[in-house]
Amino acid sequence: MLKARYCRYVDTKQWDELGRLLASDPLITFENAEGAIIYQFSTAKDFVESCLILEKAVSIHHLHNAEIEILSESTAKAIWAMEDRIYFSPAIESPFKTLHGYGHYHETYLMEMGEWKIKSLLLKRSVLDIR
């Protein structure tokens, strides 16, 4: 449910709720298809602020084939196959007009105050088509 909410909150632009899914000291990293780091964040605030670029876009995030491993009562890890699409209107100034990507999220989770949180997120892209 945690990761499904992550995608839904991004796509429905629920930024406060998105921030509450993250651990108090997350590490969030995005790599391009060549493995180079393109974005990295160490606070929920910085990550959520970076997402505001999507405010005037339509985004679609889909997850598949979850590999979830419970490590203890308070820790877990997972790998998720993913696909995303982002569309900006041609009338809006934006860094790109469309993005279509595939890859895998590699994540760790931590129980904080009775709730599962995303402790680390690494998105390794296999395809990233930006136009």
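The largest pocket in this predicted model has a volume of about 560 Å³. A pocket here is an open set of points on a 1 Å grid over the protein atoms alone, with protein on both sides within 12 Å along at least five of seven lines, and its lining residues have an atom within 4 Å of a point. The volume is the space filled by probe spheres set on the points, which are joined across faces, edges and corners. Residues are numbered from 1 along each chain as its sequence is written. Because the model is predicted, local features need pLDDT of at least 70 and side-chain atom pairs count only at pLDDT 80 or more, while totals for chains, interfaces and linings use all residues; side-chain values use heavy atoms, without hydrogens or water.

Lining this pocket are 23 residues, and Phe-30, Tyr-39, Ile-86, Leu-99 and Arg-125 are those nearest its centre. Two or more lining residues come from each of α1, β1, β2, α3, β4, β5 and β6. The largest share, four residues, is supplied by β6. Helices (H or I, at least four residues) and strands (E, at least two) are DSSP runs numbered from the N terminus.

The strands form an open sheet of six, in the order β2-β1-β6-β5-β4-β3, with mixed pairing. Two strands pair if DSSP finds at least two bridges between them.

Thr-29 has Gln-40 in β2 as its bridge partner. Helix α1 (residues 2-11) packs on the sheet, where it touches β1, β3, β4 (75-88), β5 (98-112) and β6 (115-130), and its direction makes about 170° with that of β3. Helix α3 (residues 44-51) also packs on the sheet, touching β1 and β2, at about 50° to the direction of β1. These angles run from 0 to 180 degrees between N-to-C directions of axes fitted to C-alpha atoms, for helices over the stretch in contact.

Turning to β3 and β4, these antiparallel strands are joined by twelve bridges and form a hairpin with four residues between them. Glu-67 stands opposite Ile-79 in β4, and Leu-63 has Met-82 in β4 as its bridge partner. Met-82 is in turn the bridge partner of Gly-103 in β5. The pairing of β4 with β5 is antiparallel, over 13 bridges.

The largest nonpolar core has 30 residues, of which Tyr-6, Leu-18, Phe-30, Phe-47 and Leu-121 touch the most other members. Such a core is a set of buried Ala, Val, Leu, Ile, Met, Phe, Trp, Tyr and Cys residues joined through side-chain atoms within 4.5 Å. At least two core residues come from each of α1, α2 (15-20), β1, α3, β4, β5 and β6, with the largest share, six, from β4. Apart from neighbours within four places in sequence, Phe-30 is in contact (heavy atoms within 4.5 Å) with residues including Tyr-6, Tyr-39, Phe-47 and Leu-121.

Lys-3 lies in helix α1. Why does Lys-3 count as buried? Its relative accessibility is 2%, and buried means under 20% relative accessible area, with a 1.4 Å probe and protein chains only. Beyond neighbours within four places in sequence, Lys-3 is in contact with Leu-63, Trp-80, Tyr-105, Glu-107 and Leu-121.

Key:
Buried < 20%, exposed > 50% of the residue type's maximum accessible area, 1.4 Å probe, protein only. 1 Å grid on protein atoms, 1.4 Å probe; cavity = no way out; pocket = protein on both sides within 12 Å on 5 of 7 lines; lining within 4 Å.
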